[in-house]
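Visitor: I am new here and would like a close look at one part. Please keep it brisk.

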Amino acid sequence: MPVLESASLGTVEYGEKDLIHFPLGLPGFEDERTFLPVSRPGEAPLLYLHSAITSDLFFLAIPVELVDPNYEIKLLEEYRAVLGLNDVAGPGRATDLLCLAVLCVPDEGPATANLLGPIVIHQTSHIGVQAIREDARYSARHELFR
Amino acid sequence: MLVIRRKIGETLLLGPEIELEVLAVEGGQVKLGIRAPREILILRKEIASARDANRNAARKVLPLSLTSVLNRLREFEK
C-alpha cells in the first residue's frame, strides 16, 4: 500500500483511488495537483486535504453545509468542464459532488471558512477543483462561529 | 474612485501600455477586452482573494487552536 509521509500527520497509508486530482491546482498553489483527504480518529468532521508532493502542506476542510446549511453551490462553466459535469454521457452527476470549505485557523482571532472558493470534489472520478465564485454573495473569510 | 462612462467599442488607457475595451454589455454583465504586456498579471479579484485565503490557510496550525475549533464544531453539530 502506498504511504504518504507527512511532516504533521506522520505516515499515512492510502489506496491509489483515495487520491484526488486537481487539474488546475489551487489559487496560490498551482503546482499542487494531487491531494489525499485524511480523516483522523476523534477529529470528525475535520478533513485534512494533504498534498501528495509537499510533506508539510495540508488544508483543513469541513463540509460546506456545516458552515452554512443554506449554502448554494454555483459552478462557473470552466469548473463544470473540469469536473466533467457537461458531458452527458460521462460520469458527471451533481449528486456525486462533495463540497468542502477550507478553514483558516489563526493563532489568535476567530477561525474562518472560505465560502468564496469551496473545494468541489467529484467522488466518482476523483477530480477536484477550487470553484471560485464570481458573485459577492459569500466571503473568503467567513467567521466560523458567529 | 474615478468614474468614467464608456460605450460599447470605446476604450480606456491605464498607463501607457494597458488598454481596456468595452466589448459588450449583456444581462447585467460587461464584457471587457484587455490589451496588456505579457508580464501584467490579470486576475478576477475573487481569485486573488481565494489565493490569499489559501496562503493563510496553509500556515501552521497550533494544536491548541485546532482543539478549540474541534470542540466548537462538536457543539455546533448538536
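What percentage of the 78 residues of chain B count as buried?

Guide: The answer is 24% of the 78 residues. Buried means under 20% relative accessible area, exposed means over 50%, and partly exposed lies in between, with a 1.4 Å probe and protein chains only.

A word on the ground rules. This is a predicted model, in which local features need pLDDT of at least 70 and side-chain atom pairs count only at pLDDT 80 or more, while totals for chains, interfaces and linings use all residues. Residues are numbered from 1 along each chain as its sequence is written, chains are lettered from A and ligands numbered from 1 in the order in which they are written, and side-chain values use heavy atoms, leaving out hydrogens and water.

Start with the build of chain B. It holds three strands and two helices.

Now its outline. The C-alpha atoms fill a box of roughly 55 × 30 × 20 Å along the principal axes. The radius of gyration of chain B is 22 Å, whereas a compact globule of 78 residues would have one near 12 Å. That radius is taken over C-alpha atoms, and the globule rule is 2.2 Å times the number of residues to the power 0.38.

Contacts come next. A contact means heavy atoms within 4.5 Å. Take the contacts in chain B between residues at least 6 apart in sequence: 0% join residues at least 24 apart.

Then the surface. Chain B exposes about 6300 Å², and carbon and sulfur atoms supply 56% of that. These areas come from the Shrake-Rupley method with a 1.4 Å probe, and for residues only the protein chains shown count as cover. Chain B also carries 15 positive and 10 negative side chains. The centres of the two sets lie 6 Å apart. Lys and Arg count as positive, Asp and Glu as negative, with His and the chain ends not counted. Each charge is placed at NZ of Lys, CZ of Arg, CG of Asp or CD of Glu.

Zoom in on one residue, B:Glu21. It sits in strand E2, residues 18-26 of chain B. B:Glu21 counts as buried because its relative accessible area is 19%. Setting aside residues up to four places away in sequence, B:Glu21 touches B:Gly9, B:Glu10 and B:Thr11, as well as B:Lys31, B:Leu32, B:Gly33 and B:Arg35.

For context, turn to chain A. It has two helices and 10 strands. Its radius of gyration is 15 Å, close to the 15 Å that the globule rule gives for 146 residues, so chain A is as compact as a globular protein of that length. Its C-alpha trace spans about 40 × 40 × 25 Å along the principal axes. In chain A, buried residues make up 52% of the 146. Of its contacts between residues at least 6 apart in sequence, 50% join residues at least 24 apart. Chain A exposes about 7100 Å², with 51% supplied by carbon and sulfur atoms. It has 10 positive and 21 negative side chains, and the centres of those sets lie 7 Å apart.

How values were computed:
Helix = DSSP H or I, 4+ residues; strand = E, 2+ residues; numbered from the N terminus.
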